Amino acid sequence: MFFERPDAGETAILVHVDFQDEQEREDVGEFLELVRSAGAEPATLITGSRKRPDSRTFVGSGKLEELREAKAVHHAELVIFNHGLSPSQERNLERELKCRVIDRTGLILDIFAQRARTHEGKLQVELAQLEYMSTRLVRGWTHLERQKGGIGLRGPGETQLETDRRLLRARIKAIHKRLDKVRSQRSQNRRARARAEIPSVSLVGYTNAGKSTLFNALTSAKVYAADQLFATLDPTLRRIEVEDVGPVVLADTVGFIRHLPHKLVEAFRATLQEAAEASLLVHVIDAADPDRELNVAQVEAVLDEIGALDVPILKVMNKIDLFDAAPRIERDGAGRPEVVWLSSRQGQGLDLLQQALSESLAEDIIDFELRLAPEQGRLRAGLHALGAVREEHFDEQGHTRLEVRLPRRDFLQLMARLDERADDYLPAALQATPVWEA
């Protein structure tokens with residue numbers, strides 16, 4: 001990383017302020033989870049309420065004095081705000097408290113820096129860090145005056161701050177170029193899957209809703225899954241088999257969070273594009289979370305921002321084992337699956353999810369009986385190759401009776417290859433042009 005992370009385990013004073021505007025409010029429980037996920041040790045939580053933030057230090061003079069006392073009592077090295085701070089507010093607070101101060105965005109970036117594993121993930125985190133830090137460079141160089149002259153020291157007349165900003169811009173530009181290559185490669189992979197007509201399903205949802213546990217249960221993969229925020233950062237793709245559909249690409253994606261900083265959405269656009277271009281989104285929801293409706297609204301807001309709300313969505317109510325609910329499928333007025341209730345950790349209802357995926361992804365499935373003469377072996381072989389034969393019986397004359405089930409499109413393509421008319425084999429009810437009796 002361009003910026004070194006602070007060592008984990010630092011003692012931190014936490015600050016949370018309630019505002020009258022509901023849109024500005026943050027969740028205290030989620031804040032504590034974020035801090036623990038970052039590896040900090042919360043010493044105390046200082047809360048307060050204000051109509052609006054103070055323009056200079058975010059909190060008032062009384063709360064600032066309370067922060068000083070808490071820092072001295074707990075020997076804290078860090079103060080973390082559950083809110084976004086402006087660069088000037090951050091500088092003023094550090095000057096007053098004589099320690100490092102980070103805001104909610106900086107905290108989330110730190111967690112992302114710990115979680116990134118792939119080359120792409122590290123690039124995206126570094127880009128978000130650089131763009132975030134570019135407005136906060138001045139605090140690191142306030143002790144420097146204009147560079148002095150002298151042998152070996154005569155430069156272009158820049159301040160150290162200006163030099164750093166120029167280096168930052170160059171590094172940001174280089175990362176954008178490398179990420180453009182990643183986006184191009186991902187786009188090629190998606191086009192290849194589209195040409196092969198392989199559907200893609202993306203797991204999306206609020207962070208810690210259980211996406212990775214569900215992903216592992218469906219794919220037998222070993223993706224890192226833990227009861228912490230942002231356990232998954234890098235997208236993971238696996239191929240699964242879905243009845244009546246065949247191979248399907250399943251993607252596990254980064255979790256969303258309320259007030260996710262816009263810079264992070266921008267930085268992870270290449271990753272989130274997997275969701276925007278999926279055949280189906282599986283929105284995993286923590287059914288036991290009392291704030292689940294707010295979490296659903298936040299996920300839908302991010303999906304809207306990346307242009308993914310037009311993709312069909314199947315909701316999964318996860319963690320039903322926490323309140324003793326039964327696995328089930330809820331359907332809309334047309335009988336299509338809309339919500340699946342399950343427990344990915346206990347394996348309850350996974351068969352129902354497979355059924356819902358099949359119904360959501362499968363095209364026009366035809367199920368009929370076929371009687372073939374011995375000389376029609378090529379058609380029989382073709383149906384077997386497609387895995388469409390469910391039962392097969394032979395009579396004494398060598399005729400074959402097949403019970404087949406497959407997508408209509410696959411049957412039509414097979415008929416075209418064999419130069420046969422599909423309607424000659426389909427029952428009247430399944431024919432594209434119904435045959436009416438005279």
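Buried means under 20% relative accessible area, exposed over 50%, and partly exposed in between, with a 1.4 Å probe and protein chains only. The model is predicted: local features need pLDDT of at least 70, side-chain atom pairs count only at pLDDT 80 or more, and totals for chains, interfaces and linings use all residues. Residues are numbered from 1 along each chain as its sequence is written, and side-chain values use heavy atoms, with hydrogens and water left out.

**View 1. I313 in strand β9.** I313 lies in β9, residues 313-318; strands (E, at least two residues) and helices (H or I, at least four) are DSSP runs numbered from the N terminus. With a relative accessibility of 30%, I313 counts as partly exposed. Leaving aside neighbours within four places in sequence, I313 is in contact (heavy atoms within 4.5 Å) with L280, L281, H283 and L303. The C-alpha atoms of I313 and S279 are 9.3 Å apart, across 34 residues of chain.

**View 2. L281 and the largest nonpolar core.** A nonpolar core is a set of buried Ala, Val, Leu, Ile, Met, Phe, Trp, Tyr and Cys residues joined through side-chain atoms within 4.5 Å. The largest one has 33 residues, and those with the most contacts inside it are V35, I80, L107, F256, L281 and L303. Two or more residues each come from β1, α1 (28-38), β3, α4 (104-115), α9 (269-276) and α10 (292-305). Helix α4 gives the most to this core, with 5 residues. Apart from this core lies another, of 23 residues, among them F215, I240, L250 and L350. Not counting residues up to four places away in sequence, L281 touches S202, V204, A275, L303, A308, V311, P312, I313 and L314.

View 3. Helix α2, residues 61-74, has 14 residues and reaches 20 Å from its first C-alpha to its last, close to the 20 Å expected at 1.5 Å a residue; the expected span is 1.5 Å times one less than the number of residues. The buried residues of α2 are L64, L67 and A70. They cover an arc of only 120° around the axis, which puts them on the same side of α2; the arc is that of the directions from the helix axis to the C-beta atoms. What covers them includes β1 (11-19), β2 (41-50), β3 (78-81) and α3 (87-97). The face turned away from the buried side carries the exposed residues S61, G62, A72 and V73. H75 follows α2 and has a positive phi, near 50°.

View 4. Most residues other than glycine have a negative phi. K319, in the loop between β9 and β10 (328-331), has a positive phi near 65°. K319 is buried, with a relative accessible area of 18%. D419 lies in the segment after α13 (408-417), and its phi is also positive, near 60°. At 72% relative accessibility, D419 counts as exposed.

**View 5. Confidence along the chain.** Confidence is lowest in helix α8 (residues 262-267), at a mean of 66, and highest in β9, at 96. Over residues 1-8 the pLDDT is below 50, and this stretch has 20 contacts in the model beyond near neighbours in sequence. Residues 140-157 also have pLDDT below 50, with 15 such contacts. Where pLDDT is low, the predicted coordinates should not be read in detail.

Conventions
pLDDT is the predictor's confidence in each residue, from 0 to 100.
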